Structure formats: C-alpha cells, structure tokens
Number of protein chains: 2
Amino acid sequence: MKWGARLNLVYSSTARPVVFEGRMLIRLAENLSLYGALTEEDRRAVGALPAAMRRFPAGEDIVIEGDAPAQCRVLISGQAFRHRTLPDGRRQIMSFHAQGEICDIEGLLLSMDHTVTALSPCEVAFVPHVALETLLEAHPNVMRALWRASLIDGAIFREWMLGMGRRTAKARIAHLFCEVFTRMRMAGLVEKNRCRFPVTQTHLSDALGLSVVHTNRVLQELRGEGLIAFRGGELAVLNWAGLQAAGEFDPSYLHLGASRR
Amino acid sequence: MKWGARLNLVYSSTARPVVFEGRMLIRLAENLSLYGALTEEDRRAVGALPAAMRRFPAGEDIVIEGDAPAQCRVLISGQAFRHRTLPDGRRQIMSFHAQGEICDIEGLLLSMDHTVTALSPCEVAFVPHVALETLLEAHPNVMRALWRASLIDGAIFREWMLGMGRRTAKARIAHLFCEVFTRMRMAGLVEKNRCRFPVTQTHLSDALGLSVVHTNRVLQELRGEGLIAFRGGELAVLNWAGLQAAGEFDPSYLHLGASRR
DNA sequence: CGTGAACTTGAGATTTCTCAAGCGGGGTGG
DNA sequence: CCACCCCGCTTGAGAAATCTCAAGTTCACG
C-alpha cells in the first residue's frame with residue numbers, strides 16, 4: 001500500500017498502480033543475471049523489491065524527456081523503445097527493449113534526456129529509487145550488474161553509430177534485424193525462427209536514420225532475397241547466414257558471454 | 001616497483017613504465033568529482049592508486065579491439081579517440097577524450113570492442129584492475145561516479161546517433177564543435193575562445209559519417225560564415241550563438257549539472 | 001461500408017559520395 | 001641547405017544513394 005499510494009501521487013492521476021508481491025520482479029533478477037554473477041540471495045533481494053504495477057497501451061509514453069524520475073520502470077511484459085524527437089518532427093530511435101529490462105535506469109543517476117514509449121501494450125513495474133539504492137548498497141553484485149548492463153548499452157549505441165555512419169541502408173536494416181533477433185533469442189522470446197517485433201516501417205526508418213520510402217524499398221529487397229519475412233509485427237529469419245552477411249553482423253559487441261569477473 | 005614490473009610484462013616489450021607517486025592521478029580524482037560527489041577521503045584514495053606511466057606518440061594505439069585489459073588507462077595529458085575500423089578501411093570514430101578521463105573503463109567489465117588511439121602525444125597512467133576493484137569496494141561513491149560517467153557517455157553516443165541519423169552535414173559538424181568546445185571548457189582547457197583539437201579533416205569525417213571531401217566543403221561554409229576558425233589543430237569559436245544555432249546544440253545531454261544525488 | 005494508418009509505387013530533386021588531380025607546408029635524406 | 005616526398009587540404013565534376021512529394025492500395029476496425 002505504501003508504495004502504491006506514493007506512486008499514485010507522484011506519477012499520474014490516471015495511474016492505478018497495484019501493489020503485488022514481487023513475483024514479477026523475478027524477471028528483472030533473471031535479466032540481471034545475464035549481466036553479472038548474482039548469488040541466490042542477490043536474486044531474492046531483487047525479486048523482493050517493492051513495486052507498483054501499471055499498464056501502458058501501445059504508443060503511450062512511459063517516461064518523458066526532461067523527467068527526473070523517482071522510480072525505475074521495469075518492463076514486465078511488452079516491448080518499448082527509447083527515442084528523441086525534435087520540435088520539427090524528426091525522430092531518432094535509440095534502442096528497443098523487451099521484458100526484464102529496466103527502461104530508464106539512467107534516471108537513477110541522471111535526468112531523462114530522451115523519451116521511452118511503449119511499442120506494444122506493456123506491463124511496467126515501478127520500483128522506488130530509494131528502495132533500489134538501499135539494495136545496491138547492500139548488494140554490490142547487483143550494482144555491478146547494472147553498471148555492466150549500462151556499458152553494454154553503450155556498446156550497442158556505438159555499433160548503431162558505426163552503422164549509421166558507415167553502412168549502407170541495406171546493411172543497416174539487416175544488421176538491426178540480426179541484433180533484435182539475437183537479443184530476443186537470449187531473452188527466450190524466439191520460437192522456431194520467429195519473434196515478435198511490433199514496429200512499423202516508420203519505426204525502422206527512425207531507428208536507422210532513413211526515410212520511410214527508402215526503408216520500404218530496401219525491405220522489399222531483403223524479402224526478395226529470401227532473407228527475412230516481416231509482417232504483422234513479427235520478424236521471421238529465413239536465412240540467418242545470408243542476413244548476417246548482408247548486415248556484416250558480428251555479435252561480439254553484445255558481450256553475451258559471461259561477465260569478465 | 002611491483003606494479004611497474006608487472007605492467008612491463010603484461011603490456012609490451014617496448015613499454016617502459018615508470019612508477020610514480022600518484023600525483024598524476026589527482027587529475028583522475030578531479031575528473032571523477034565532476035560526475036559524483038566524492039569525499040576528501042575518496043579523492044585521496046583515488047590519488048593514491050598504484051599506477052605506472054607510459055607515453056604514446058600521436059597515432060599510436062593505447063588499447064586495441066579484442067583486448068581484455070588488466071589495467072585501466074587514465075589519460076594524464078594529451079587527447080585520444082575511440083574508434084572501430086572495418087577490414088576494408090571504413091572507420092567510425094565514437095568519441096574524443098581529454099586528460100583526466102579513463103579511456104578504457106569498459107575494459108573493467110567487458111572485453112574491448114573498439115580501439116583507442118592517441119590523437120596527440122599522450123601520457124597514460126596504467127592502474128591495475130585489482131587495485132581499482134579493491135578501491136571501488138571500499139568507496140561506493142567512486143563506483144557510483146564511474147557508473148554515472150558511463151551513463152553520460154551513453155547519452156553522448158545517443159546524441160551522436162541523433163546527429164548521424166537526422167541532422168545535415170553542416171549541423172553535425174557544428175554540433176561536434178559545440179560539444180568539444182563545451183567539454184574542453186569544463187575540463188579547463190579553453191583559453192579565450194580557443195582550444196586544442198588536433199584532428200585532421202579525415203578524423204572529423206570519420207566521427208560524423210561523412211566523406212572527407214564533403215567535410216572539407218562544409219567546413220569552408222562554417223568558416224565563411226564567420227562561425228569558427230579551425231587550423232593547426234586548434235579550434236576557435238568566433239560566434240558561439242551562431243555555431244550553436246547551426247548545430248542545434250543544447251548541452252543538456254552532457255548532464256553538466258551536479259549529480260542527482 | 002467508411003476511415004485511417006501503414007504500406008507501396010512513381011518520379012524528380014538533393015545531398016553526399018567517389019574519382020581524380022593539384023597545391024602547400026613540414027620533415028628527411030643527401 | 002636544398003630537393004623531394006608525404007600527408008593533409010582543396011577543387012572540379014560526374015555518379016550514386018537517398019530524400020521528398022504525391023498519390024494509390026491494402027487492411028484492420030468501428
């Protein structure tokens with residue numbers, strides 16, 4: 001009740017947070033385990049963090065540029081993306097996120113310099129910063145995992161920079177599909193050769209720095225070459241080797257292996 | 001002697017590390033203070049980290065993609081840049097760094113996915129990871145400052161992404177100059193309206209995702225409009241308001257204000 | 001059955017690139 | 001001390017990638 005009431009006040013008059021017993025945050029603990037070794041006790045503590053839940057329909061903003069949030073938002077289900085949109089409408093999408101990820105961890109130490117928006121309907125757990133702070137002090141492994149996750153985010157940004165600066169439209173699109181597919185697989189969200197990726201071609205073009213028209217034509221090429229199928233918010237990889245080659249994709253920048261220490 | 005000998009072995013047969021008494025690392029402590037509140041004791045501990053020093057001539061690599069370093073490299077003097085270069089020569093520069101910064105902090109938790117190269121002759125202090133790790137455990141403020149610095153790095157990458165995806169060549173160049181100038185001023189490296197920025201036009205184009213030819217022409221425009229002078233490795237801002245407007249530069253993404261907590 | 005969002009297609013306009021060549025200054029070997 | 005050379009800068013001109021504008025199509029949904 002305590003956190004729920006607080007969130008209700010702080011966040012929005014329309015928010016109807018529901019306190020629940022931390023079951024959901026197991027997802028966060030599992031996700032963090034991918035980034036650094038956690039003890040059973042670390043995971044238990046993460047799972048037991050106080051949290052209030054809120055649903056966001058697709059297209060709704062979860063955090064807005066300029067906010068100085070007092071909670072971390074953990075994606076329990078659904079997908080979201082970060083972006084910055086300039087006054088005249090130009091938009092750059094910076095990253096895509098799936099369940100288990102904290103979509104505004106920067107907000108713990110910085111004010112938000114970008115907006116996070118729901119791509120599909122999302123369940124989001126709000127974890128008060130104070131509670132997280134307390135946990136981090138007692139559980140340095142968790143802090144280290146979060147830091148490492150931030151560093152990997154940075155590595156992904158660098159890879160996107162390389163793409164936008166030095167790769168053709170076709171390679172960029174193929175590369176993005178490879179990345180999304182790989183990360184979704186890591187998160188256990190790939191079935192057979194397909195995964196949910198509910199973006200429009202406009203989203204794609206804004207993520208890649210292209211116009212919609214050009215994105216559309218290149219997409220047709222990729223389909224025509226039998227590399228992918230992409231319809232109805234679902235991505236199917238029909239020829240992984242070919243797609244990887246087209247995108248010059250080398251997953252090492254994702255640092256999927258175990259933590260260095 | 002201990003660290004010196006170790007570094008000598010680990011690093012390179014041509015390295016001639018010299019142990020010195022931590023005076024230099026004051027620079028690091030000062031730099032970290034920009035990212036998070038440190039106590040006098042925190043700063044003292046950072047300044048007292050064991051370190052071996054090595055000089056790198058301009059153009060020499062300081063850490064190489066694929067390395068799994070056992071030390072952090074702190075830039076004591078000089079400037080460096082991170083980049084990734086593809087087999088066929090395409091290169092993307094990811095960031096520029098000045099004195100006081102750790103140029104391979106990722107290396108503490110990840111293997112290097114990019115190379116760091118000296119832009120001008122550099123003095124680099126090598127701090128063993130084990131020593132830093134020990135310090136971080138005892139000084140959570142320092143860990144928090146480093147984490148926050150990583151997050152700000154990420155914010156800068158996002159801003160570059162926005163530029164490469166959605167800004168014209170002219171705005172991109174102007175924006176980069178604004179950013180460099182602002183960060184150099186924060187580091188106390190601006191005199192009057194000028195600062196050292198020893199990059200060639202090739203460096204600029206690789207940082208911005210442009211061809212050298214086009215970079216050259218746009219640079220002439222900026223000069224022609226009286227916004228900047230850029231020669232001999234030195235950048236002079238002649239019309240800050242104009243440059244800022246041309247680059248759509250808003251420094252909030254640099255998070256120069258105090259830490260949120 | 002009407003509507004709007006997302007997707008497609010066509011075609012001309014721009015930005016930016018590539019290739020090619022000339023210039024200029026600093027550094028090096030003779 | 002001079003000549004030469006290399007790197008970085010500059011310029012010209014045609015080529016390519018990508019963009020913008022404009023309109024038509026499809027499909028899910030009310």
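The paragraphs below go through a predicted model, from the relation of its chains to its sheets, helices and aromatic pairs.

Chain A is superposed on chain B by a rotation of 180° with 0.0 Å of shift along the axis, and the RMSD is 0.0 Å. The two copies are therefore related as by a two-fold rotation axis. Within chain A, the residue that comes closest to this axis is A:Gly154, whose C-alpha lies at 2.5 Å from it. The copies use the same surface towards each other: 100% of the contact residues of chain A recur in chain B.

Chain A contains an open sheet of four strands, ordered 3-7-5-6, with antiparallel pairing. At its edges are strand 3 (61-63) and strand 6 (91-97) of chain A, each of which pairs on one side only. On average, and with direction ignored, neighbouring strands of this sheet are turned by 35° against each other. One of the pairings joins strand 5 (residues 80-85) to strand 7 (residues 115-118) of chain A, antiparallel, over four bridges. In that pairing, A:Ala80 has A:Ala118 of strand 7 of chain A as its bridge partner. In general, the strands of a sheet pair through backbone hydrogen bonds, either parallel or antiparallel.

How many of the eight residues of helix 7 of chain A are buried? Six are, so this helix is largely enclosed by the rest of the structure. The buried residues are A:His203, A:Leu204, A:Ser205, A:Asp206, A:Ala207 and A:Leu208. After helix 7 of chain A comes A:Gly209, which has a positive phi near 75°.

Another pairing in chain A involves strand 4 and strand 8. Strand 4 (residues 71-77) of chain A has seven of its seven residues buried, so it is largely enclosed by the rest of the structure. Six bridges connect strand 4 of chain A with strand 8 (residues 122-128) of chain A, and the two run antiparallel. Opposite A:Leu75 stands A:Val124, which belongs to strand 8 of chain A.

Helix 4 (residues 129-138) of chain B has B:His129, B:Ala131, B:Leu132, B:Glu133, B:Leu135 and B:Leu136 buried. The cover over the buried residues of helix 4 of chain B includes elements of both chains. From chain A it includes helix 5 (140-166). From chain B it includes helix 3 (40-47), strand 4 (71-77), strand 8 (122-128) and helix 5 (140-166).

Helix 5 of chain A holds A:Ala145. This residue is buried, because its relative accessible area of 1% falls under the 20% cut-off. With residues up to four places away in sequence left out, A:Ala145 touches A:Leu32, A:Tyr35, A:Gly36 and A:Leu38. A:Lys192 is 47 residues from A:Ala145 in sequence, and their C-alpha atoms are 30 Å apart in space.

The aromatic side chains come last. A pair of aromatic rings is described by the distance of the centres and the angle of the planes. With centres within 6.5 Å as the condition for a pair, the count over all chains is 18 aromatic pairs. One is formed by A:Phe181 and A:Trp240, with 5.7 Å from centre to centre and 40° between the planes, a tilted arrangement. This pair links distant parts of the chain: A:Phe181 is in helix 6 (residues 169-186) of chain A and A:Trp240 is in helix 9 (residues 240-247) of chain A, 59 residues apart. A:Phe181 counts as buried at 5% relative accessibility, whereas A:Trp240 is partly exposed at 27%.

In chain B, the ring centres of B:Phe197 and B:Phe230 are 6.4 Å apart and the planes are at 50°, so this pair is tilted. B:Phe197 is in the loop between strand 9 (194-196) and helix 7 (201-208) of chain B, and B:Phe230 is in strand 10 (residues 228-231) of chain B, 33 residues apart. Both B:Phe197 and B:Phe230 are buried.

In chain A, A:Phe197 and A:Phe230 belong to one aromatic cluster with A:Phe81, A:Phe96, A:Trp160 and A:Phe177. A:Trp240 also has A:Arg185 over its face, at 5.6 Å from the ring centre. In chain B, B:Arg185 lies over the face of B:Trp240, likewise at 5.6 Å from the ring centre.

Technical notes: Residues numbered from 1 in each chain as written. Chains lettered and ligands numbered in written order. Predicted model: local features only at pLDDT ≥ 70, side-chain atom pairs only at ≥ 80, totals over all residues. Heavy atoms only, no water. Phe/Tyr/Trp six-rings, centres within 6.5 Å; stacked < 30°, edge-to-face > 60°. Buried < 20%, exposed > 50% of the residue type's maximum accessible area, 1.4 Å probe, protein only. Lys NZ or Arg CZ within 6 Å of the ring centre and 35° of its normal. Pairing = 2+ DSSP bridges. Contact = heavy atoms within 4.5 Å. Axes fitted to C-alpha atoms, helices over the stretch in contact; angles between N-to-C directions. Least-squares fit on C-alpha atoms with pLDDT ≥ 70 in both.
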